[in-house]
Amino acid sequence: MLAYFLLVPLLLAPPRPISAGPPESGQKLFSIYCARCHGKDGRLGLNGAHDLTKSNLNVIGRTYLVTNGMGKMPAFKSELTPAEVQRVVEYSLTLK
Ligand code: HEC
């Protein structure tokens, strides 16, 4: 019975966020980490970056590329969490 009373509040307690504040949106992450080469609209093409509005890479290819880098495209695995990579990749797919 005692265990029951101790357990219920634990189960009902909302999960505590790891960091304060809402997570950065894909758009925000893109403007921080990607826009310096790709531009806010994905078309800038600085430092040999490819025009993202013309890219045929799907979500799997982009996730791999952003995580591990390729050529002059830097790897972001030490800067972004997998969840952040996912959000920024999803945002990049909206650039048309
Ligand atoms: C230092 C400049 C630089 C930054 C910063 C950068 N990129 Fe790139 N990106 C490149 C270059 C250069 C290429 C071409 C790589 C190659 O094929 O050799 C590229 C290619 C890509 C491609 C593949 C396009 C295609 O179909 O060929 C995607 C997708 C991409 N970048 C997404 C991103 C995202 C998302 C970010 C931010 C997390 C980012 N990039 C940050 C330089 C950059």
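Which residues make up the largest nonpolar core? Hold that thought while you get your bearings. This is a predicted model, where local features need pLDDT of at least 70, side-chain atom pairs count only at pLDDT 80 or more, and totals for chains, interfaces and linings use all residues. Residues are numbered from 1 along each chain as its sequence is written.

**Whole chain.** Switch to cartoon: you'll find five helices and zero strands, running α-α-α-α-α from the N terminus. Helices here are DSSP runs of H or I with at least four residues, strands are runs of E with at least two, and both are numbered from the N terminus. Of the 96 residues, 16% are buried. Buried means that 20 or more other C-beta atoms lie within 10 Å of the residue's own, exposed means 12 or fewer, and partly exposed is in between, with C-beta atoms placed from the backbone. Take the contacts between residues at least 6 apart in sequence: 52% of them join residues at least 24 apart. A contact is a pair of residues whose C-beta atoms, placed from the backbone, lie within 7 Å.

**The core.** Now select Leu29, Phe30, Cys34, Leu65, Val66, Leu80, Val85, Val88 and Val89: these nine residues are the largest nonpolar core. α2, α4 and α5 each supply at least two of its residues, and α5 gives the most, with three. Such a core is a set of buried Ala, Val, Leu, Ile, Met, Phe, Trp, Tyr and Cys residues joined through C-beta atoms within 7 Å.

Color α5 (82–92) next. Its buried residues are Val85, Arg87, Val88, Val89 and Ser92, and they pack against α2 (26–33) and α4. Then click Phe30: leaving aside neighbours within four places in sequence, its contacts are Ala35, Val88, Tyr91 and Ser92.

**Around the ligand.** Show the 24 residues around the ligand; Cys34, Cys37, Ser55, Gly71 and Met73 come nearest. A residue is near if its C-beta atom, placed from the backbone, lies within 6 Å of the molecule. α3 (35–38), α4 (59–68) and α5 each supply at least two residues of this shell. Color by type and the shell divides into 14 nonpolar, seven polar and three charged. Nonpolar covers Ala, Val, Leu, Ile, Met, Phe, Trp, Tyr, Cys and Pro, charged covers Asp, Glu, Lys and Arg, and the others, Gly among them, are polar.

**Last stop.** Go to Leu46, in the loop between α3 and α4. Is Leu46 buried or exposed? Leu46 is exposed, because it has 10 other C-beta atoms within 10 Å. Draw a line from its C-alpha to that of Arg36, 10 residues away along the chain, and the separation is 7.5 Å.

Key
Contact = placed C-beta atoms within 7 Å.
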